[in-house]
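Please look at the sequence and the model first.

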Amino acid sequence: MAEPAPRPWVSAVIAAAVLGIFAVIGASLVGLSYEGTAERIAQNEKQALLDQLNAILPSAEYDNQLLHDYFDLQARPELGAEQTRAYRARKAGAPVAVILSPVVAKGYNGGITLVVGIRADGSLAGVRALSQKETPGLGDKIDIQKSNWILGFNGKSLDNPSEDKWKVRRDGGDFDQFTGATITPRGVVAAVHKALVYYQANKDKLFNTESIYREPEHG
Amino acid sequence: MAEIDYKRIAVDGLWRNNQALVALLGLCPLMAVTNTLVNGLGLGLATTSVLLMSNVTISGIRHWVRAEVRLPVFVMIIASFVTAVELVMNAFFYDLYKILGIFIPLIVTNCTIIGRAEAFASRNPVGASAMDAIFMGLGSTMVLSILGGMRELIGQGTLFSGASLLFGHAASAIELSLGDNYQGLLLAILPPGAFIGLGFLIALKNIIDKRASKAAEKTPAAVPAEAAS
């Protein structure tokens, strides 16, 4: 400032007040935008989740509220994640399928997050990669947007192929690897197989555990 | 300020002082999201809208904010607008929001925005600051889109892929592909592709500038081209 302030703290207080006013204005702006968009964002997230689950299990195959029928389980040794959510699909009350999310596979470059859908008869409804950091152009072919490889799991079960064929071809199994990337498909195949084994052993628990979904309080 | 030279502001933003090609600001998002044209365009438009709001606001309050606290105030204003834009994108362009991810909140750290606030908006009237924001933003968006388009075309052999994320389902018609036989050049999609691509764009701009200045030297009496149209 050019002219000397009468008391040094006066200018400091004014500066602080200006800063404070703008903090309040800024916070109000953020608060208002949050208020205005929160509902729609929650709707988007719910829809995205439902789309993701329906890509694995078509909505015609079940008649319950898939997003309202789930519980959380801890099975790190089997499913690779600290906590996995199990969504249950039912038709007329009878179990149709369970969708496990996430199941974590060991990738070339850290964990690969998978969603694994398993039908009540123990066959795979489908598998999708949710997030992965595999090498672009090589390991990222597990992504449905890059290639159809992941669809190869559809309909497979513990007996189809047999136990010793649940490997990539290079290891003597039935599943294709990609040119230049073996570690990624190997990890995914192993994780899906483990999930199937887990399902087989915990089938009753998966379908019968009570849902932890609660209706939101406000209307 | 009596007369505002809008043409000068436009030429500065789009070309002479292009934030990406000349000032080399905001390179972090530029490198990270320009793997497709639509991603580049989406982030460019988000950045432009933040820039417009922050420039107009900062210009509007420029007489009331004391010099000692102006930077914290600018940062607070910019951060608020970025958060608002992030929420709006999350609500209305959900898929694009998911792709751009962390780079939307990171617009806060884009030096272009605080740079224009400090260098232009805090010294110029609201109208001029708005123009400055629009053209600086468009200049950056242009570079982001061109670089994204280049990398997408060379890297995966498509153009406008994901256009429906930004413009709705009707736009999927403009998504082009070189055909399934094109294997793609991985380098273009990976981060080095962004550096190399940007390098070529800067070189191209310098060549054009050099040609133009040579031409101007040869015919000093010629009427400036900008007089036309």
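Which side chain meets that of R16(B) in a salt bridge? The partner is D12(B), at 3.3 Å from N to O; a salt bridge is here a side-chain nitrogen of Lys or Arg within 4 Å of a carboxyl oxygen of Asp or Glu. This is a predicted model, in which local features need pLDDT of at least 70 and side-chain atom pairs count only at pLDDT 80 or more, while totals for chains, interfaces and linings use all residues. Residues are numbered from 1 along each chain as its sequence is written, chains are lettered from A and ligands numbered from 1 in the order in which they are written, and side-chain values use heavy atoms, with hydrogens and water left out.

**Salt bridges in general**
- Side chains of opposite charge can pair when their charged atoms come close.
- Over all chains, the count comes to 11 salt bridges.

**The pair in chain B**
- R16(B) and D12(B) both belong to helix α1 (residues 6-16) of chain B, where they are 4 residues apart, about one turn of the helix. Helices (H or I, at least four residues) and strands (E, at least two) are DSSP runs, numbered from the N terminus.
- D12(B) is buried, with a relative accessible area of 18%, and R16(B) is partly exposed at 42%. Buried means under 20% relative accessible area, exposed over 50% and partly exposed in between, with a 1.4 Å probe and protein chains only.

**Pairs and a network in chain A**
- Salt bridges with shared partners join D69(A), R88(A) and R90(A) into one network.
- R76(A) forms a salt bridge with E82(A), and their closest N and O atoms are 3.2 Å apart.
- In that pair, R76(A) is partly exposed at 48% relative accessible area, whereas E82(A) counts as exposed at 57%.
- D171(A) pairs with R186(A) in a salt bridge whose closest N and O atoms are 2.8 Å apart.
- This pair links distant parts of the chain, 15 residues apart: D171(A) is in the loop between β5 (124-131) and α3 (183-208) of chain A, and R186(A) is in helix α3.
- D171(A) is partly exposed at 32%, and R186(A) is partly exposed at 37%.

**A positive patch in chain B**
- K210(B), R211(B), K214(B) and K218(B) form a positive surface patch. Patches are made of residues with over 30% relative accessible area and no salt bridge, like charges being joined within 9 Å.
- R211(B) lies in helix α10 (residues 191-218) of chain B and is exposed, with a relative accessible area of 64%.

Terms used. Patches are made of residues with over 30% relative accessible area and no salt bridge: like charges are joined within 9 Å, nonpolar side chains (Val, Leu, Ile, Met, Phe, Trp, Tyr) within 5 Å. Accessible areas come from the Shrake-Rupley method with a 1.4 Å probe; for residues, only the protein chains shown count as cover. Lys and Arg count as positive and Asp and Glu as negative; His and the chain ends are not counted. The place of a charge is taken as NZ of Lys, CZ of Arg, CG of Asp or CD of Glu.
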